[in-house]
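Me: Let us go through this model by question and answer.

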Amino acid sequence: MLLLGGCEGNVTPIKTLLDDPGRFDGQVVRIAGDVTGSVGILGYGAYQVDDGTGTITVVSERGGAPRQGGKVGVEGTFHAAFTLKTETAAVLVEKRRHTP
């Protein structure tokens, strides 16, 4: 928790990730924002984070998903699926989560 708290200055805007997904594919990045949708079952979860510049889906393999409406900071591996015209499909696989 302290490690992430000290790294808040290293947060990447979601728009930056989605505008150039190939640059960040497979890289560990940090984001922060509001949880706009979430689903979790048996410790697994998926949730969307909106930082005001864009929205990305975060997948959690442990710890489930935070509640919708909460604020969250996430460190994870960015994976770009595809870009089609103006839309980019991407996901962040959560490594660590904190409350900003």
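Reply: Buried means under 20% relative accessible area, exposed over 50%, and partly exposed in between (1.4 Å probe, protein chains only). This is a predicted model: local features need pLDDT of at least 70, side-chain atom pairs count only at pLDDT 80 or more, and totals for chains, interfaces and linings use all residues. Residues are numbered from 1 along each chain as its sequence is written, and side-chain values use heavy atoms, with hydrogens and water left out.

Me: Is lysine 15 buried, exposed or partly exposed?
Reply: Its side chain meets that of aspartate 19 in a salt bridge (2.5 Å, N to O). A salt bridge puts a side-chain nitrogen of Lys or Arg within 4 Å of a carboxyl oxygen of Asp or Glu. Aspartate 19 is exposed, at 53%. Lysine 15 has 43% relative accessibility, so this residue is partly exposed.

Me: How far apart in helical turns are lysine 15 and aspartate 19?
Reply: Helices are DSSP runs (H or I, at least four residues), strands likewise (E, at least two), numbered from the N terminus. The two residues lie four apart in helix H2, so their separation is about one helical turn.

Me: Is glutamate 75 buried or exposed?
Reply: Glutamate 75 and arginine 96 form a salt bridge (2.4 Å, N to O). The pair links strand E4 to strand E5, 21 residues apart. Arginine 96 is partly exposed, at 40%. Glutamate 75 has 4% relative accessibility, so this residue is buried.

Me: Is glutamate 94 buried or exposed?
Reply: Glutamate 94 forms a salt bridge with arginine 97, closest N and O atoms 2.8 Å apart. Arginine 97 is partly exposed, at 24%. Glutamate 94 has a relative accessible area of 10%, so this residue is buried.
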